[in-house]
Amino acid sequence: MSAIQTTVVLAMTADGKISAVDPKAPRESDATDQAHLEYQASLADLLLVGAGTIRAEGGTFTIRNPELLAAREVRGQSPQPITCVVSGSLDLSLDLPFLSQDIERWIFTTRTGLKRSSDTTTLQKLAELIDLGDTCDSLPSESR
């Protein structure tokens with residue numbers, strides 16, 4: 001049995017904030033930080049993203065550096081890691097660029113989200129929907 005390795009990469013300000021008060025506010029990424037994030041993502045098989053982040057940003061992070069893409073190929077990985085979104089409500093607009101990016105998508109949701117969403121059938125064609133059960137009470141509200 002092989003060990004599962006988990007790496008967590010977070011970006012936050014010195015006062016501990018992960019995002020601006022206004023989620024639509026422009027963010028200027030430092031080139032060194034961006035390169036580090038891309039390197040870490042290039043090693044991953046799966047990226048975990050909250051639904052609030054996908055709603056605010058529209059899409060998910062993808063690897064663009066040709067050397068990192070080549071290294072993934074040598075390791076036998078797909079060109080991009082799977083992006084896994086956590087959405088208890090399944091409240092995701094079908095217009096999100098995320099749903100048309102050239103990546104594999106998984107969406108963790110609840111049985112309630114699957115029943116309530118009028119877009120479940122379409123979303124099932126665009127992503128692997130994974131039923132977590134009746135509720136996601138432990139999820140932060142922005143992930144619902």
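In the predicted model, the side chain of arginine 105 reaches the backbone oxygen of leucine 126 at 2.9 Å. This counts as a polar contact (a pair of N or O atoms within 3.5 Å; within protein, one must be able to donate a hydrogen and the other to accept it, and residues adjacent in sequence count only if both atoms are side-chain atoms). Residues are numbered from 1 along each chain as its sequence is written. The model being predicted, local features need pLDDT of at least 70 and side-chain atom pairs count only at pLDDT 80 or more, while totals for chains, interfaces and linings use all residues; side-chain values use heavy atoms, with hydrogens and water left out.

Arginine 105 belongs to strand 3 (residues 105-109). The residue is buried but has no salt bridge, and aspartate 102, the nearest side chain of opposite charge, is 7.1 Å away. Here buried means under 20% relative accessible area (1.4 Å probe, protein chains only), and a salt bridge is a side-chain nitrogen of Lys or Arg within 4 Å of a carboxyl oxygen of Asp or Glu. For charge, Lys and Arg count as positive and Asp and Glu as negative, with His and the chain ends not counted. With neighbours within four places in sequence set aside, the contacts of arginine 105 (heavy atoms within 4.5 Å) include Thr83, Phe98, Leu126 and Glu128.

Five helices and four strands are present in the protein; these are DSSP runs numbered from the N terminus, helices being H or I of at least four residues and strands E of at least two. The order of elements from the N terminus is α-β-α-α-β-β-α-α-β. An open sheet of four strands has the order 1-2-3-4 with parallel pairing, where two strands pair if DSSP finds at least two bridges between them. Its edge strands, strand 1 (46-50) and strand 4 (128-131), each pair on one side only. Strand 1 pairs with strand 2 (residues 82-86) in the parallel sense over five bridges, and threonine 83 in strand 2 is the bridge partner of leucine 47.

At the start of helix 3 (residues 66-74), a side-chain oxygen of asparagine 65 comes to within 2.7 Å of the backbone nitrogen of glutamate 67. Glycine 76, with a positive phi near 80°, follows helix 3.

Of the 144 residues in the protein, 33% are buried. Among contacts between residues at least 6 apart in sequence, 56% join residues at least 24 apart.

Notes
Buried means under 20% relative accessible area, exposed over 50%, partly exposed in between (1.4 Å probe, protein chains only).
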